[in-house]
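Here's a quick tour of a protein model for you to explore.

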Amino acid sequence: MNLLLLILIPLLSGIFSFGIREEGVKILALVSTLATLVVSGLLAFSCGCNMATTFSMPWIPDLGTRFSLMGDGMSAMLCLLTGIVMLVVMLVNNNKHVDRPNAFYGHMLLAQAGLMGVFLANDALLFYFFWELALIPVYFLCSQWGGEKRIPVTFKFFIYTFVGSLLMLAGLIYLSVQTPGLRSFAWQDIIHAGSQLPAATQHWLFALMFVAFAIKMPIFPFHTWQPDTYEVSPTPVTIILSALMVKMGLYAVLRWVLPVLPEGAIYWTDTIIVLSVIGIVYASCLAIVQTDIKRLVAYSSIAHMGLMAAVAFMNSKVGMHGVMLQMFNHGINITGIWVIISMIENRWGTRDMRQLGGMATSAPKMAIAFVVISLASVALPLTNGFVGEFMMFNGLFGTSSCSHIVMVIAGLGVILGAVYTLNMIQKTTYGEVVAMNIKGDLAFNEFAGLFIIIGIIIFLGVYPQPMLDLTSAVSSMLIK
Amino acid sequence: MKALIAATVFGVIMMFSGIVMHNRKSIATLAVALFAVLTGISVWDLISAPCDAPQLLFNNMLRLENLSLWFCVLMTAATLLYVMLLHKEIENVGSHVAEYFALIFFILTGIYLLATFNNMLMLFIGIEILSIPQYILAGSDKYNLKSSEASLKYFLMGAFSTGIMLMGITLVYGAAHSFNIMDFVSMLHSESLNPMALAGILFIIMAFSFKVSAAPMHMWTPDVYDGAPTPFTAFMATIGKAAAFFAFLRLFHVAFANLSSHWTTIIAIITAATLFIGNITAVFQQSVKRMLAYSSIAQAGFMLFAVLAVNAAAWHGIIIYAAAYSVATIGLFSVLVKLKDYTYDGFNGLAKKEPMLAFSAAIFVFSLAGIPLTGGFMAKYYVLLAVMQQGHQMWLIIFALLMAAVSVYYYFRVIAAMYFKAGDPQIASPVTLGDKLLLGLTCLIVLLLGIAPQLVM
């Protein structure tokens, strides 16, 4: 029942928001996200006690598809992430003005419902439904509230991801036709059917399904939609895209590809690792030369996701634990960075690093938060990023023969990451003081949002065990 | 088959009502009432039919299965929806209002024959009864040159394709010594096949390709659909086409199922060509009406999947595709006729001015593009599933999905215009509360088909 609530609360409050005319919609959104967070916290707690919860009811019997949800460690972790991130977004934006707030918040909540559904679906067709349901509101959000050139950029993003989803759909239908006896889309049946397939079939089927998720993550060379989309989207939507929707891609690989097509995964491992590593270095280099902070963070996100993707295919247990943890950490850290960037844009009226400076003098609290979050994103010890990256690099020393070279090159990403992140901090926080358009350090709601983020960063940096316990069962299942 | 007789009688009544009644409004009201009655009668047909064995009627000329009767119900109900949504525009096409409705009744007669034929002669008569009123409707805006051109083009090409079909029927008759499609099953065998039958089947495929506007016989479609008065385009592109598809499926899956190894390759090639031409050409259109003409070619490509897959799933596929595609397209046309300017720019800023029109158009567009939670997704899903079960044609499925992604480009331009661009759209006729309620109902049907497709099966 918890699982159903996780989808129903945002869905219903999202639909309801469209009907509210006044600013009261912000309160509704805040209450709804808070309620969702509480429920996802409960789910995570019960999963921590090793109780996977399920919910299932018939949906289209003729197709063998059921409305079935499952909350295991990985789902609970990502639902928790979604809950936290959405709450922070709503908190921080509570004192900001948007046009037509009812439609804006309605779409945001619908996107949240879609995301929750993706993370919980235990039925391939249901998964596909939610996968698209999460995309449509984001398409509307970017196209209506985005910046300059928003329509063509969002259109490219939409078509790109839609092509991927259709290929995935073809793969899923193919798998469901292979299920024994009656057609079925249940996760267990799909796994069973997939792993029985001959190796040659698994090879092309893997490619078909992986493209969808590679576009979403994004993995080089499927990343071209990403920097533009992040740049033109309004920042709350960028947060949804980068903290949550990219996790959909990685999550889908871990849930719907790796266990389903093991032979295919082995066949493509080298290709994917090479592509990911190219992506890490390439995106990091591009990030260094950016002057727009939003684009810089967009490229850095490609690098971080590339590392996670590479490790996910490394077949190492420690690495997989690290990937799970880092999925959560990356979501938290990048949310923090975006929140600060939106404050910078709000106060200075620009995102160009060359025109910024002296935040430490003019808004010290904001500067402290920015430095802490950025350091977490370059994986300084005692922050959450360190634990995750350490485990992932540990995993990169895996079984495959070329892994040392891979590790060295991927390690470059960390160094380059430090270069662009520290450069960003230096240019915005220190140096000559640039006058603000709108004066003021953190407002109370912004402080509360950042407090949550930084609290998690420090807590998981010192004591990551609860998160590892939550996901250990799933990562052990993935790496036999 | 009470509906068959009722449709004919109602058609005649409508024709004479033009003499007795002079008020357009009351003629339209009568028509809507008669369509509602006809829907009731076709439901009655379905309920009163024995569930197990098919009935044979008129010396084995017609064979009624539950599935065909159900298809009749769906098409009649879709026509009722169509008339309710568009009767105001039909009234304003020309001066012979009663006749337009009468012709639609006759088309339904043809559809009933096509859904239940058991004999090639009935198929031929059904096709003719379906087509001839459509030629007239295409030209019903008499003083408009484009409409007359559309009608003439449609008639000439249509007559030609009917000739080809007759030729095909004759050749198959020569090989099978019968017009009864059940005899084909026993007379035509894959191993010892008379070449004459093969040639006949090829001709029939060509003729059907014309009727369903599949490439390479699609050339007439854009001009005819663009030139014909918009309310009648809505009918021809949806219900008329769906019925032709059902007949196509019925003939090939019942009569020629044993020979499927001989004709599936041709159908596969036609499918690929149709998808390619329909989708790629639609991208370049500037008028939404013309885009919908090409999109109807593209959608025909998907419906051809049902013909390609000779199995039970294909029947479900064609029924849900016919329902989902018809409802969404009729809905989109009923939004289109409210606007003065049929180009994409004419839709600019519609969301601000008429939120309900824009919202429902968005739902219909989602459905046509095959976004989940709408009927269009389920329709595409079922036909693809049918082909997938058949095995072998994975390349075609992937190609079709890529083409579906292309279709998103031109469908979503409508959404981009309505929601993201600023403008002041010119509304042709005021949008009443009744219109909004009907559009809302149509949206509900589209969504319902996407959530619970088992309702139409």
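Let's start in a loop: Pro216(B) lies between helix H8 (195–211) and helix H9 (220–227) of chain B. Before we go on, keep in mind that this is a predicted model. The bond that joins Ala215(B) to Pro216(B) is a cis peptide bond, with omega about 0°. From here we'll look around that loop, then at some helix pairs, and then at chain A.

**Around the loops of chain B**

- Ser213(B) is also found in the loop between H8 and H9 of chain B.
- Although Ser213(B) is not a glycine, its phi is positive, at about 55°.
- Is Ser213(B) buried or exposed? Ser213(B) counts as buried because it has 27 C-beta neighbours inside 10 Å, and the cut-off for buried is 20 or more.
- Now hop over to Phe58(B), which sits in the loop between strand S1 (55–57) and strand S2 (62–64) of chain B.
- Phe58(B) has a positive phi too, near 50°, and it is a residue other than glycine.
- Phe58(B) has 11 other C-beta atoms within 10 Å, so it is exposed; the cut-off for exposed is 12 or fewer.

**H8 and H11 in chain B**

- Which way do these two helices run, roughly parallel or roughly antiparallel? H8(B) and helix H11 (residues 260–283) of chain B pack at an angle of about 25°, and their axes are 11 Å apart.
- That angle makes H8(B) roughly parallel to H11(B), because angles under 35 degrees count that way.
- The crossing of H8(B) past H11(B) is right-handed.
- On the H8(B) side, the residues that meet H11(B) are Leu198(B), Ile201(B), Ile205(B) and Ser209(B).
- Their partners in H11(B) are His262(B), Trp263(B), Ile266(B) and Ile270(B).
- Sorted by class, this contact has 6 nonpolar, 2 polar and no charged residues.

**H13 and H16 in chain B**

- H13(B) passes H16(B) in a left-handed crossing.
- Among the H13(B) residues in this contact are Ala313(B), Gly317(B), Ile320(B), Ala324(B) and Ala328(B).
- The H16(B) residues they pack with include Gly375(B), Ala379(B), Tyr382(B) and Ala386(B).
- By class, the contact of H13(B) with H16(B) has 15 nonpolar, 5 polar and no charged residues.

**Two domains in chain A**

- Across the boundary, 44 residues of domain 1 of chain A are in contact with 44 residues of domain 2 of chain A.
- On the domain 1 side, H2 (24–48), H3 (73–92), H8 (199–216), H9 (225–232) and H10 (235–257) of chain A each supply at least two residues.
- By class, that side of domain 1 of chain A has 30 nonpolar, 11 polar and 3 charged residues.

**A cis bond in chain A**

- In chain A, the peptide bond from Phe220(A) to Pro221(A) is cis, with omega near 0°.
- Pro221(A) has its place in the loop between H8 and H9 of chain A.

**Where the two chains meet**

- The contact takes 22 residues from chain A and 23 residues from chain B.
- In chain A, the elements that give two or more residues to this contact are H5 and helix H6 (150–178).
- H6(A) provides the largest share of the chain A side, 12 residues.
- The chain A side has 18 nonpolar, 2 polar and 2 charged residues.

**A closer look at Tyr139(A)**

- Tyr139(A) is found in helix H5 (residues 124–145) of chain A.
- Tyr139(A) is buried because 22 other C-beta atoms lie within 10 Å.
- Leaving out residues up to four places away in sequence, Tyr139(A) touches Thr154(A) and Phe158(A).
- Tyr139(A) and Gly449(A) are 310 residues apart in sequence and 25 Å apart in space, C-alpha to C-alpha.

Methods. Residues are numbered from 1 along each chain as its sequence is written. Chains are lettered from A and ligands numbered from 1 in the order in which they are written. This is a predicted model: local features need pLDDT of at least 70, side-chain atom pairs count only at pLDDT 80 or more; totals for chains, interfaces and linings use all residues. Two residues are in contact if their C-beta atoms, placed from the backbone, lie within 7 Å. Helices (H or I, at least four residues) and strands (E, at least two) are DSSP runs, numbered from the N terminus. Ala, Val, Leu, Ile, Met, Phe, Trp, Tyr, Cys and Pro count as nonpolar, Asp, Glu, Lys and Arg as charged, and the others, Gly among them, as polar. A crossing is left-handed if the near helix is turned anticlockwise from the far one by less than a right angle, and right-handed if clockwise. Axes are lines fitted to C-alpha atoms, for helices over the stretch in contact, and angles run from 0 to 180 degrees between N-to-C directions. Angles under 35 degrees count as roughly parallel, over 145 as roughly antiparallel, 65 to 115 as roughly perpendicular and the rest as oblique.
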